Amino acid sequence: MNILLVEDDLLLAKGTAKLIERMSGYQIQVRTDPAKIVELCQSGTIDLVLMDVNLPGAKWEDRDMSGADISCLLKKHPQTQHIPIILLTAYAMVTERERLLQVSGADEFYTKPITDYAALIESIAQLCPKTS
């Protein structure tokens, strides 16, 4: 399975990617540029996206973009709407979960720091049963 991890903290992204790869065997790519994210998702090579909500400096067509915005963009495009997206955030309260899921169109939500990687990997497997 090919997973796209969208994370602005490169050190955190590398650690998260290594841990998921070791525990699951999934392949992880890390990106922060919305244009590259959309391009990769449209290429047909991405099975699932792990999307950080907070992406300072991310821009799409001269507009600041959050991970929720990029998720919404992907879910509205016919070529990428089928890709499961799991939102990741350290800043949202649990009560924000439903609102963020609704606004973004994402399929799942995890708070950071991720403390149960086994549960995250299980969620990934449930969202992508044919590729797990």
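**Reading helices and a sheet**

Modeller: Let us begin with two helices: α2 and α3 are roughly parallel to each other, because their angle is under 35 degrees. Please bear in mind that this is a predicted model.

Colleague: At what angle do α2 and α3 pack, and how far apart are their axes?

Modeller: The packing angle is about 30 degrees, and the axes lie 11 Å apart. The crossing of these two helices, α2 and α3, is right-handed.

Colleague: Which residues make the contact between α2 and α3?

Modeller: On the α2 side they are Pro 34, Ile 37, Val 38 and Cys 41, while α3 contributes Ile 70, Leu 73 and Leu 74.

Colleague: Which residues of helix α2 are buried?

Modeller: Helix α2 covers residues 34-42, and its buried residues are Pro 34, Ile 37, Val 38, Leu 40 and Cys 41. Seen down the axis of α2, the buried residues fall within an arc of 165 degrees, so they line one face of the helix. The general idea is that an α-helix has 3.6 residues a turn, so residues three or four places apart point the same way.

Colleague: Against which elements do the buried residues of α2 pack?

Modeller: They pack against the strands β1 (2-6), β2 (27-31), β3 (48-52) and β4 (59-60), and also against helix α3 (67-76). Just after α2, Gly 44 takes a positive phi of about 85 degrees.

Colleague: Let us turn to the sheet. In what order do its strands lie, and is the pairing parallel or antiparallel?

Modeller: In general, strands of a sheet pair through backbone hydrogen bonds, either parallel or antiparallel. Here, five strands form an open sheet in the order β2-β1-β3-β6-β7, and the pairing is parallel. The edges are held by β2 and β7 (108-111), each with a single partner strand, so one side of each has no neighbour in the sheet. On average, neighbouring strands of this sheet are turned by 20 degrees against each other, direction ignored.

Colleague: How many bridges join β1 to β2?

Modeller: There are five bridges between β1 and β2, which run parallel. Ile 3, for example, has Ile 28 in β2 as its bridge partner. Four of the five residues of β1 are buried, so this strand is largely enclosed by the rest of the structure.

Colleague: What is found where β6 and β7 pair?

Modeller: Strand β6 (residues 85-89) pairs with β7 in the parallel sense over four bridges. The bridge partner of Leu 88 is Tyr 110 in β7. Helix α4 (residues 97-104) packs on the sheet and touches β6 and β7, and its direction makes about 135 degrees with that of β7.

Terms used. Residues numbered from 1 in each chain as written. Predicted model: local features only at pLDDT ≥ 70, side-chain atom pairs only at ≥ 80, totals over all residues. Heavy atoms only, no water. Buried < 20%, exposed > 50% of the residue type's maximum accessible area, 1.4 Å probe, protein only. Arc of directions from axis to C-beta. Contact = heavy atoms within 4.5 Å. Pairing = 2+ DSSP bridges. Axes fitted to C-alpha atoms, helices over the stretch in contact; angles between N-to-C directions. Parallel < 35°, antiparallel > 145°, perpendicular 65-115°, else oblique. Left-handed = near helix turned anticlockwise from the far one by under 90°.
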